[in-house]
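Please read this short report alongside the structure.

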Amino acid sequence: MDAAVDATIVTPGELLAVNAAEYLRGHGTYTDESGRLLASVCGVVQRVAKLITIKPMRSRYVPANGDVVVGRITEVQEKNKTWKVDVNGRKEANLLLNAVNLPCGTLRKRDKEDALNMRRMYADSDVLSAEVQEVKGEGKAHLHTRSTKYGKLYNGMLVAVQASLIKKLPQHFVTLEIGVDMILGKNGYIWISITRTDAEKAVAQQIQDKAKEKDVYAPPPYQPTSAAQRQILARVANSIKVLDSAFIAIYPTTIMDVYRASEEANLIPPEMLDKKYQSVLTSTAIRRRGDTAKEFKKNDDMEDDED
């Protein structure tokens, strides 16, 4: 086997094999007039027997069954009883009316009135969390929000990153030690919000219980965010953006690495995005690459086995 084939990351035009005839050419590769196998994209070399492919470093999200995603409603189709959802993929995903929880968790058959009230559940530009239920042959994902942990998202902010940096984790709903709730969408969309107190959660639950008795939709109460809490959210959001810019895997530990480094450097959130501070902020996260690479590869192998 050519030494070049063993390279982990390659760039366009980089040599993969001197004699292309000895291998099967996969996605992201091409042969030149000299019969050499070269990379056509920047990415990670993957080899199965004699088949060589390049997994692009930057690409659109490719949905898979069971993925936790965060998306934004782009269109409400009452006639088809369907919501169109942007999930950072090549195609918009579908969310059917019969694949969502009815207002306040009511269990009953969907009727015409539910179809007329679709915009009360999810309107244009609403952000929601969901799970990929099925991926059709043409690559279009069908979502569901039947679990109570999924649904419309409030009182927070959305951060978009490269989907390839979000690996499959044991838990995509995470609470950071600094009082921030986070949903790491496998599609590269991350939702962050302030962790609410037990008292605030109790008030929201009371409203939901009363609405359920009347079978009506009731959004959770508005919960104001203090200036200090907004600073925390901004620091977390910029920590995520720094990792994305440095192409470092994004998960709770690396986010907190950058967060703590920014505090130690006495940087305010806007300063974190200055390129001159990137090496200081990411030094600890970079050192973790070797420790986490094996774990991420194990998760990727599990995904391939499921497929």
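A residue counts as buried under 20% relative accessible area and as exposed over 50%, with partly exposed in between, using a 1.4 Å probe and protein chains only. Buried residues make up 43% of the 307 residues in the chain. The model is predicted, so local features need pLDDT of at least 70 and side-chain atom pairs count only at pLDDT 80 or more, while totals for chains, interfaces and linings use all residues. Residues are numbered from 1 along each chain as its sequence is written, and side-chain values use heavy atoms, leaving out hydrogens and water.

**Whole chain**

The chain has seven helices and 17 strands. These are DSSP runs numbered from the N terminus: helices are H or I with at least four residues, strands are E with at least two. A contact means heavy atoms within 4.5 Å. Among contacts with a separation of 6 or more, 60% join residues 24 or more positions apart. The accessible surface comes to about 16,500 Å², and 52% of this belongs to carbon and sulfur atoms. Such areas come from the Shrake-Rupley method with a 1.4 Å probe; for residues, only the protein chains shown count as cover.

Strands of a sheet pair through backbone hydrogen bonds, either parallel or antiparallel. Here, two strands pair if DSSP finds at least two bridges between them. Axes are lines fitted to C-alpha atoms, for helices over the stretch in contact, and angles run from 0 to 180 degrees between N-to-C directions.

Five bridges pair strand S16 (residues 180-184) with strand S17 (residues 189-194) in the antiparallel sense. Leu184 has Ile190 in S17 as its bridge partner.

Leaving aside residues up to four places away in sequence, Asp244 touches Val161, Gln162, Leu165 and Ile250.

**A three-stranded sheet**

Another open sheet has the order S2-S5-S4, again with antiparallel pairing. Its edge strands are strand S2 (15-17) and strand S4 (29-31), each pairing on one side only. The twist averages 40° from one strand to the next. Three bridges join S4 to strand S5 (residues 37-39). Thr31 has Leu37 in S5 as its bridge partner.

**Salt bridges**

A salt bridge is a side-chain nitrogen of Lys or Arg within 4 Å of a carboxyl oxygen of Asp or Glu. By this rule the count comes to six. Three of them are listed here.

| Pair | N to O distance |
|---|---|
| Asp32 and Arg36 | 2.9 Å |
| Arg119 and Glu78 | 2.9 Å |
| Arg119 and Asp124 | 2.9 Å |

Asp32 is buried, at 15% relative accessibility. Arg36 is partly exposed, at 33%. Arg119 is partly exposed at 40%, Glu78 at 29% and Asp124 at 37%. Salt bridges that share partners join Glu78, Arg119 and Asp124 into one network.
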